[in-house]
Number of protein chains: 2
Amino acid sequence: MFQVSFPLQNRTVEVEAGTTVLAAEIAAGLHPDAPCGGMGVCGKCRVEILAENGAREEVLACETKIDRDMTVFTASDEHHRILTDGTGSLDRIDPPVRKVSLQVGKATLQNPTSGWARLREAVRKAAGVEIRPDPDLADGLSKTLESLDWEPQAVLYGDELLSLRKEGRLLTAAVDIGTTTVVLYLADGETGEVLSTGSMLNPQTQFGADVISRANYAMQNTPRELSEAIRAAVDSLLRDALFRANASAQDVFSVVIVGNTCMHHLFLGLDPSSLVLSPYVPSISEPLVLDAVRYGLSANRRAKLFLLPCIAGFVGADTASVMLACSYDRREELTLAIDIGTNGELVIGDRTRTVACSTAAGPAFEGAKITFGMRGAAGAIDHASIQNGQLSVSVIGGGKPRGICGSGLLDLAAQMLRAGVIDETGRIADEEDLPGESKPLADRIRTIDGLRCFVIAQGAESDTGECIFISQKDIREIQLAKGAMAAGIALMLEYLGKKETDIEKVLLAGAFGNYMNPESACAIGLIPQKLLSKIEMVGNAAGRGALMCALNAQCYSRSAKMAEKTEFIELASNPSFQDRFVDELMFPEEEE
Amino acid sequence: MFQVSFPLQNRTVEVEAGTTVLAAEIAAGLHPDAPCGGMGVCGKCRVEILAENGAREEVLACETKIDRDMTVFTASDEHHRILTDGTGSLDRIDPPVRKVSLQVGKATLQNPTSGWARLREAVRKAAGVEIRPDPDLADGLSKTLESLDWEPQAVLYGDELLSLRKEGRLLTAAVDIGTTTVVLYLADGETGEVLSTGSMLNPQTQFGADVISRANYAMQNTPRELSEAIRAAVDSLLRDALFRANASAQDVFSVVIVGNTCMHHLFLGLDPSSLVLSPYVPSISEPLVLDAVRYGLSANRRAKLFLLPCIAGFVGADTASVMLACSYDRREELTLAIDIGTNGELVIGDRTRTVACSTAAGPAFEGAKITFGMRGAAGAIDHASIQNGQLSVSVIGGGKPRGICGSGLLDLAAQMLRAGVIDETGRIADEEDLPGESKPLADRIRTIDGLRCFVIAQGAESDTGECIFISQKDIREIQLAKGAMAAGIALMLEYLGKKETDIEKVLLAGAFGNYMNPESACAIGLIPQKLLSKIEMVGNAAGRGALMCALNAQCYSRSAKMAEKTEFIELASNPSFQDRFVDELMFPEEEE
């Protein structure tokens, strides 16, 4: 056994010889960034180890095995910027779980009916429902009723009695499990007030950045580790939110969870392999009502857990939730909703008909496969512009840049295109071919490791002293993402028999959608240029939809109906997808 | 710690100083007979211990504390004669849990629906029900379906999927939990064939003979011990029945349980105190459908546990079951059903109206409070007659008698009455007042311990060398039991506005009802004399009703309807009960 210490996090862990540094980070409770799932491909898990001569040596954590006591410097477990507000509105508060005041009659020798029968009668009078018999709640019922002065408060879910008590709050939690980020809202189920919110990185990130790598991990091992990690994360958010709201877990009677199909399956402990093997189907996609405590959540022991329905293997409960938050079932105008997280889901439709599809547009914008890509954390370039041949960038947290997050990458690509640093084919120009006003950018164009690059920050300008750049290969990744998304939109319109101009509204959901510059998105053709004026940011619509369901039972059934009605287009099986995709790889010419 | 050995059972146990011998017997896994619950009152727990000088010394196990290594001779754990057959008929086999062969479609890229959706579609086609989504069964569903060649067999309970498998049996168990005896039938759910049956003493007997002493034990301690004891007993019967039928617990998908309200509550782990405190109400009396494995039963992990409804605190699910077995909901003629176990339950009615009540008639006939009373086990006098002044008895097992069981006691009382040994007031005659033909019985009338007695077996004739007799006090106990039952019948008739002669059928259920001589019962007025010709034995009708429910879903709902419709008469609260009771204490004059 060797000791591995992490001085920056003030942690030490003992591991066996041969363990990778990545595994040691996980064992120490850190959340290393390993988008490729530890395959040695992405290079994102780079850390520094103290060499025996005292120098620092940079290595890939996933490829370095521990063969001695080791000191590791890593930025894992850092704080991330996360979006927690959203759009969507409730008609009224009408939660699926409700509380009712009862007056229960006492038994007499003349009318010796069972405790449960008298309770049932009282609930029938007060709430108009016939409760289902439950021996556990019936235990010692006469004594319980007496101790509550025969006027208990009942907490009900449909015809199920969840609790009998003197009084208490009725709390509910709504959770959006993203591939990268988990957000929780704790709300008062009667007033609808959000009491506290919390968010954290999805701890499954340590098993891979995207759903494919995590599903692979689950297939090679078991889904259990992934399942336990996400359940523990949701529970820690819940406990933390309760603490901050000065509230008790006993008063939480419902939890609503949304997430993409893989997160949905992993939370439930289901084998995700059918999701990533053709024909990419979920094991189960129906809306589910389960027992929250069975899934490790700190809630009342009879609290209900609601999962919104999934639409397909790659269009999950998060999309059903976005559709609810965007009221697709009431929309008169043809609307395109785009939710770019680690995957990009697209919905086009109105109240009469909706189609959905999923594209691989997300990963590039979440940092994977981009040389200096990173998540939207401190040190990330999140916006950029080129004016008169001068590049200026903004950095999250205000210091020197460490890398480039999705919105920054999008701006840079759009600005490079406009400045002629790249042409419509995506090729980075030779210095001498730069248009006149862009000449000052000439010294940023270099060849590094045999690849043509556009330098964003010189060594001295960056946080690490390293030169930060966008390579020709990075531009190709953006083109692939852009091409997939644009082809998806085109195919969906074709499927519906509609044209781009029939779309009257474009709703951008999710963190990336909220931070990105819509002009940049249209400039590179990620979103059709003609739709620029129709774009609206809707924030964390998936989380908002979950909260709507927590506060209104009709919302839950509306989401179920919408999901059932939504047609799914499997791009992979569509013969014209590849053609459209190749067409759309080109950047658009600038419009005037 | 001291060692206590039980040579007759070949068992030894270590207990702490101060433990009672009764507790040591329980700890050794024996089932001592302690009807009073270890209060030192009934004297039934008598055992012999080896004194230090090597002699045997008789002591009460409940009052003797262990203060050294001890050797104990006890008859506990003996084999008992138990009734397991019954009456009642099934219209047809139509079990609540059924199996269906499915053909499930494969997912394709063109039709990538979830595994559950395709399964649901297959069940809809084959069985006409829409199954409820269940994430646990959906786990890895594509792989499961593939391994079953896409043609699985589904086991269904309503809209609940219980199992997906290649093929297998559909087994069901029906259990009658009596206060004294537990009977289990294991049946094939498709053919209705009873594969094996088993029975054993209710191990709760060690905590008290009747429901009152057990409820007291539960109130003074917790219901848990009692609950665990009966669950373990039912499970051991089930495992044994499975073994003898060469069947697997995995194939048991339903278990139906009946029992009086106290047994029902204790099996469920419910506090029974409301049953024995005025106004004597159950905590819950509705028909219940629960999960069998939660109650410790060796069945499929999704097997259903059905409990028939209770009618009142002292009229339980066993009575609901008897009413089903006797088809009260289809009876045209006014019928009296009598189920004498440890309590005596009475039902009078027809398909238009039924009333039920409970009397304390049972205990005397189960051996409690009778000097030489015992259960129907080897050594018990079970029948007796007096012809020409000569008493003859039959003994279970054929040896010398050790005591008198219920049917024997009934015969003896009837014969003594007919022979003039007792008069209508129940008083044992002076020797000189015996009628002529009974003169040879004169030397059987003696005074023992200050009580007038009728000797049944002289010392040399009995198994223990002890003289076996019926005392004046025993006769009084019989009168109390008889008075309670006759008063109950009279009150029920009055309540219905009917006369004795309106009763067209008398059904005797239960072990005692089956073994007793109806002529004796009528002779002492336990059953009105006018009804003798209308008596029919129906065997273990409670067990039979449970089995009917296991094999036919309609039977389960019929029993629920009958229980709901049945009117309950609380004798204790009825002002005329005491009067009637006193009237009925007298034995009837012999009819010619």
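**Exercise 1.** Locate B:Thr335 in chain B, decide whether B:Thr335 is buried or exposed, and list its contacts.

*Solution.* Step 1: B:Thr335 lies in strand 15 of chain B, residues 335–340; helices (H or I, at least four residues) and strands (E, at least two) are DSSP runs, numbered from the N terminus. Step 2: B:Thr335 has a relative accessibility of 0% and is therefore buried. Buried means under 20% relative accessible area, exposed over 50%, and partly exposed in between (1.4 Å probe, protein chains only). Step 3: apart from neighbours within four places in sequence, B:Thr335 contacts B:Tyr328, B:Val347, B:Ile348, B:Gly349, B:Lys505 and B:Leu507. Contact means heavy atoms within 4.5 Å.

The model is predicted: local features need pLDDT of at least 70, side-chain atom pairs count only at pLDDT 80 or more, and totals for chains, interfaces and linings use all residues. Residues are numbered from 1 along each chain as its sequence is written, chains are lettered from A and ligands numbered from 1 in the order in which they are written, and side-chain values use heavy atoms, with hydrogens and water left out.

**Exercise 2.** State how many salt bridges the structure holds over all chains, then describe the one between A:Arg46 and A:Glu58.

*Solution.* Step 1: a salt bridge is a side-chain nitrogen of Lys or Arg within 4 Å of a carboxyl oxygen of Asp or Glu. Step 2: over all chains there are 60 salt bridges. Step 3: in the pair A:Arg46 and A:Glu58, the closest N and O atoms are 3.7 Å apart. Step 4: this pair links distant parts of the chain, with A:Arg46 in strand 3 (residues 46–50) and A:Glu58 in strand 4 (residues 56–60) of chain A, 12 residues apart. Step 5: A:Arg46 counts as partly exposed, because its relative accessibility is 42%.

**Exercise 3.** Describe the salt bridge between B:Glu584 and B:Lys482, and say whether B:Lys482 is buried or exposed.

*Solution.* Step 1: the side chains of B:Glu584 and B:Lys482 meet at 3.8 Å, N to O. Step 2: the pair links distant parts of the chain, namely helix 17 (residues 577–584) of chain B, which holds B:Glu584, and helix 12 (residues 472–496) of chain B, which holds B:Lys482, 102 residues apart. Step 3: B:Glu584 is partly exposed at 21% relative accessibility, whereas B:Lys482 is buried at 2%.

**Exercise 4.** Find which residues are joined into one network by salt bridges that share partners.

*Solution.* The network consists of A:Arg120, A:Glu121, A:Arg124, A:Glu130 and B:Glu286.
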